[in-house]
Amino acid sequence: MSEQIAPHPKLNKNPRVLAVANQKGGVGKTTTAVNLATALAACGERVLVLDFDPQSNATTGLGIPRSTGAPSSYDVLIGAAMLSEAAVPTAIPGLFVVPGDVNLSGAEVELVGLERREYRLREALLFQIKAYDYVLIDCPPSLSLLTLNALVAADAVLVPLQCEYYALEGMSHLVRTIGRVRRALNPRLEIQGVVLTMHDKRNNLCEMVAADVRRHFGEKVYKTIIPRNVRVSEAPSHGKPALLYDFKCAGAQAYVHLASEVIKRERALRT
C-alpha cells in the first residue's frame, strides 16, 4: 500500500468530482461508489475513489486494508498529506483509492472552530485531481460536516436511492440540503443523477416507489436500475467489487450499464 500514484501522461483539464451521497444508511451508497468506479475504469476512464466514511467500507471493498498507517482521507482533509501521497492503486487498472480512516469520525470536532471549515476538502483537491477523469467521493450516511465538505468540493451529486417508502422521505431532506449548499457555498452543485438500488421486481412497492421517483425527478433518474443481488452482497467480504467477483451476475452488469449512462450524461454536459 506504500506505492504512490504514478504521474499520468495526459492531464485532464476538466476532471469531474461526484459526491455519492444519501444521508440514509443501507441504500447501497458504498456499493454504488465502488462498483460504478470499477465499471468506469473498465471503460477506460481514470478514476479516484475518495473514501470519506469513517467505516472505510469503500476501502476494504476495493481490496485495500484498513489502518495501515499510510496517509488517508483524514490526513488529506486536515492538511497533513497531499492527495498524491494518499492515493493508492487498486487491483483494477486505472482505479485508485484514498483510504478511509476511523479518525474521520472525530474530524467534525477538529474542524468546527476553523475558518472556511466547509471548504477544507475542496481546497485539498484543488490542482490535485488533474490525473483523473472522475473523482467519486463516498460520503458518510449523514448530513454531517464531512458530507458538507464533499458537497462543497463536488461538481455534482449522484444519489443512490433504495426502492422503499422511507427512502423517499430521506431524499427530500437531501434535496433541500443540496439547494442550501448551492445557494450559500457551491453554486455549481447539481444532482447528476438518481440511481434506484436494491430493486426487487417481484415487489409491488418497489415498482410503485420507482414510478414515484421518476415522476418527481424525471430524466435525472437513470434508466438503469440496480437489482437486489446476492453476488453483489457477497463481493465486499472477498475484498472485491462485484465486477471482479462475478462479472456475469445481474448486479455487476447493471453497474456496467450505469457507467455507460454516467459517461453519456457527462459528455452531453461538456458539449
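Q: What is the protein built from, in terms of helices and strands?
A: The predicted model holds twelve helices and eight strands.

Q: What box do the C-alpha atoms fill?
A: Taken along the principal axes, the box is roughly 50 × 40 × 40 Å.

Q: How much of the protein is buried?
A: Of the 271 residues, 53% are buried.

Q: Turning to the surface, which residues gather in a patch of positive charge?
A: The patch consists of Arg176, Arg180, Arg182, Arg183 and Lys220.

Q: Where is Arg176 found?
A: Arg176 belongs to helix α8, which covers residues 165-184.

Q: Why does Arg176 count as partly exposed?
A: Its relative accessibility is 43%, and partly exposed residues are those between the 20% limit for buried and the 50% limit for exposed.

Q: Is Gly69 buried or exposed?
A: Gly69 counts as exposed, because its relative accessibility is 74%, and the cut-off for exposed is over 50%.

Q: How far apart are Gly69 and Glu169 in sequence and in space?
A: In sequence, 100 residues separate Gly69 and Glu169. In space, the distance from C-alpha to C-alpha is 39 Å.

Note on methods
Residues are numbered from 1 along each chain as its sequence is written. This is a predicted model: local features need pLDDT of at least 70, side-chain atom pairs count only at pLDDT 80 or more; totals for chains, interfaces and linings use all residues. Side-chain values use heavy atoms; hydrogens and water are left out. Patches are made of residues with over 30% relative accessible area and no salt bridge: like charges are joined within 9 Å, nonpolar side chains (Val, Leu, Ile, Met, Phe, Trp, Tyr) within 5 Å. Accessible areas come from the Shrake-Rupley method with a 1.4 Å probe; for residues, only the protein chains shown count as cover. A salt bridge is a side-chain nitrogen of Lys or Arg within 4 Å of a carboxyl oxygen of Asp or Glu. Lys and Arg count as positive and Asp and Glu as negative; His and the chain ends are not counted. The place of a charge is taken as NZ of Lys, CZ of Arg, CG of Asp or CD of Glu. Helices (H or I, at least four residues) and strands (E, at least two) are DSSP runs, numbered from the N terminus. Buried means under 20% relative accessible area, exposed over 50%, partly exposed in between (1.4 Å probe, protein chains only).
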